[in-house]
Amino acid sequence: MNHFKQRGKYKIIQIIVAVLLFVLPTVITFSIMEKSESVNEKGKELVFSSEKDDAAGAVRSDAEVSNEVSDAGQAEAAEAGQAETADVEKDHITTNVLRADNGGSLPVVVATDTDAVYIEPGEPNGKKVYLTFDDGPSSGTRELLEILDRYDVKATFFVVKNENNEEALKAIAEGGHTIGLHSASHVYSDIYKNSLSFKCDVKLVHDWVESVTGIDSKYYRFPGGSSYGLMGFDKDKAIDYLNEKGYKYIDWNAETSDAVYPNMAPEQMAQRALSYIHSNTGDSVVLMHDQEGRYNTIKALPIIIETLIREGYEICPVDDDTPEFHQYPEEIITD
């Protein structure tokens, strides 16, 4: 009897062990899976959190870059604003000179980026201002035209051949503004290589303007100005050619410096142009640029126009009665 009882206990123990051996691995497996899933969820949370931090970091980085660019532009404008004016008298002509007061980081500018200018003796009365724009037409041309139209002001556009912006060229003509010729390519090394290349460049831009607008323009502005010193030939030949073909070439004696400092504050650009105008003994031809991205030039234009109107200047487009404004011969230039 005891023997049978003993064997029964062993059987129960065997069954319990068997059950444990079968159930325990399953329980352990489920437990591990749950822990693994929990770890995965936490991992996802960490990754998501990291991605959010990275995105926020990227946004901060963009903002920081934007601030750096803005600060650089403001510093450049402030730097430009440190320039002070002085008068330089040459014979019967007084021209405004901007002299840098910032350790020499700004160039000394005498009415242009390069050389001084003078007005041909004639009938300048000091009360006429010619607003001129080089290098267009561009995507910004229509905004310039809208501003000019708002103030009922006519200007002059010395254009570069650009078949992608012919509608803007037509708009200039339809607005009653003067179209002058600047270049077919505006590549100095091509234009000024020799006398023939110069003549070809003038003819190409002339014929393009005439074909698009029907205007036989006879107003010309040398790329870089008529005193540009790197012509590959005697520049008198270029001038003789223009005279022979009936062109009037016109430089400038005031500017915004937007070609050199496109990010200068609009107020600073306007002040530069006005300082030249105020110190010129006669009429003023203001050089600005109608190029892609010249947003501050567009913003400076109303400031210039409003000031000139308030001060009693007459704003005119270039026409046949406009006196020619030519740069000083290079031999006259002295510091």
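Start with the aromatic pairs: there are 10 of them, counting rings of Phe, Tyr and Trp (its six-membered ring) with centres within 6.5 Å. This is a predicted model, where local features need pLDDT of at least 70, side-chain atom pairs count only at pLDDT 80 or more, and totals for chains, interfaces and linings use all residues. Residues are numbered from 1 along each chain as its sequence is written, and side-chain values use heavy atoms, leaving out hydrogens and water.

Select Tyr 130 and Phe 325. Their ring centres sit 6.1 Å apart with planes at 65°, so the pair is edge-to-face (planes over 60 degrees apart; under 30 is stacked, the rest tilted). Tyr 130 is in strand 4 (residues 128–134) and Phe 325 in strand 12 (residues 325–327), so the pair ties together parts 195 residues apart in sequence. Strands here are DSSP runs of E, at least two residues; helices are H or I, at least four. Tyr 130 is buried at 3% relative accessible area, and Phe 325 is buried at 1% (buried is under 20%, exposed over 50%, partly exposed in between, with a 1.4 Å probe and protein chains only).

Next, pick Tyr 188 and Tyr 192: centres 6.1 Å apart, planes at 40°, so this pair is tilted. Tyr 188 is partly exposed at 29%, while Tyr 192 is buried at 2%. Both belong to one aromatic cluster, whose members include Phe 198 and Tyr 241.

Phe 198, Lys 199 and Val 202 of helix 5 touch Ala 238, Tyr 241 and Leu 242 of helix 6 (heavy atoms within 4.5 Å).
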